[in-house]
Amino acid sequence: MGQPESGVHREAGQQDRSPDLPPDLPPDLPPDLPPGQRLQRGWPVTHYGPVPRFKPDRWEFRVFGATADGDKRCWNHEEFSALPFSTVVADLHCVTKFSMLGAEWGGVPARTILELAPPAPHVTHVMVWAEYGYSANMRLADFAADRTIFATHKDGELLTAEHGFPLRLVVPHLYAWKGPKWVRGVEYMAADRRGFWEERGYHNLGDPWTEQRYSYQEEPGDGPEL
């Protein structure tokens, strides 16, 4: 499905401008926010647990689980950094109700990883794994979306450690918890399985435009039983 030039996710039927937004927003930014969100001018630091120390000689990105050939694929930091670099312009919607609009994210598209390490035909979901065993699950279609990106940069600058350096996932059309900081790998799955926050009461799907914040809002089929 095509996207506006700004690269920001829009849904048919959304209002032209939210009355809560300031009138000085640049014209190329979207005129509205998902329900319940507020505009954030800066980028707050939000995460669970300590900031890990990056050790480039020990860093490895792995793709494993139900791969097409049954083998796992690994890149060290130098190899991963040499993969094709792309940029997308997209929003970040935090479940804590702030939205950061129009950031430019640079890094490796998730589709590149899918091409280099294809999943088996029966894969339906992925689990994204990060430092300290943190995880976030999503449908394969969400992971494969055009603007899902393993980001190393924001607005042309390397990510800081607090914001996920050396690698964080950005899934613009889902709440930001679905894009972990300090990513270390992807597991291909033939069935859905809840990640860290999904096991702790957050919605299994996490669509900000329908305010899928908490598990009690789930409809039948939205996710595995808690």
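The following dialogue explains how to read several features of this predicted model.

Reader: On what basis are residues numbered and values computed?

Author: Residues are numbered from 1 along each chain as its sequence is written, and side-chain values use heavy atoms, with hydrogens and water left out. As this is a predicted model, local features need pLDDT of at least 70 and side-chain atom pairs count only at pLDDT 80 or more, while totals for chains, interfaces and linings use all residues.

Reader: How should I read a nonpolar core, and which residues of the largest one touch the most other members?

Author: A nonpolar core is a set of buried Ala, Val, Leu, Ile, Met, Phe, Trp, Tyr and Cys residues joined through side-chain atoms within 4.5 Å. Buried means under 20% relative accessible area, exposed over 50%, and partly exposed in between, with a 1.4 Å probe and protein chains only. The largest core here has 27 residues, of which F61, F80, I113, F143, F150 and Y188 touch the most other members. At least two residues of this core come from each of β2 (60-65), α2 (110-116), β6 (125-130), α3 (140-143) and β11 (183-189). Helices (H or I, at least four residues) and strands (E, at least two) are DSSP runs, numbered from the N terminus. A second, separate core has 12 residues, including A90, A103, L159 and A176.

Reader: Which residues does F143 contact, apart from its neighbours within four places in sequence?

Author: Contact means heavy atoms within 4.5 Å. With those neighbours left aside, F143 is in contact with A110, L114, V126, V128, M138, T148, F150 and V186.

Reader: How are aromatic pairs described, and how many does the structure hold?

Author: A pair of aromatic rings is described by the distance of the centres and the angle of the planes. Rings of Phe, Tyr and Trp (its six-membered ring) pair if their centres lie within 6.5 Å; planes under 30 degrees apart count as stacked, over 60 as edge-to-face and the rest as tilted. A search of the whole structure gives 13 aromatic pairs. For F61 and F80, the ring centres are 4.9 Å apart and the planes lie at 45°, so this pair is tilted. F61 belongs to strand β2 and F80 to helix α1 (residues 77-81), so the pair ties together parts that are 19 residues apart in sequence. F61 is buried at a relative accessible area of 0%, and F80 is buried at 4%. The rings of Y175 and W177, with centres 5.7 Å apart and planes at 15°, are stacked.

Reader: Which residue joins R213 through a polar contact of 3.0 Å?

Author: A polar contact is a pair of N or O atoms within 3.5 Å; within protein, one must be able to donate a hydrogen and the other to accept it, and residues adjacent in sequence count only if both atoms are side-chain atoms. The side chain of Q37 makes this contact with that of R213. Q37 is placed in the segment before β1 (38-39) and counts as buried at 10% relative accessibility.

Reader: Which backbone angles deserve attention at D155, W182 and P166?

Author: Most residues other than glycine have a negative phi, and most peptide bonds are trans. D155, however, has a positive phi near 50°, and W182 has a positive phi of about 55°. D155 is in the loop between β8 (149-154) and β9 and is partly exposed at 41%. W182 is in the loop between β10 and β11 and is buried at 6%. The peptide bond from F165 to P166 is cis, with omega near 15°; P166 lies in the loop between β9 (157-158) and β10 (168-170).
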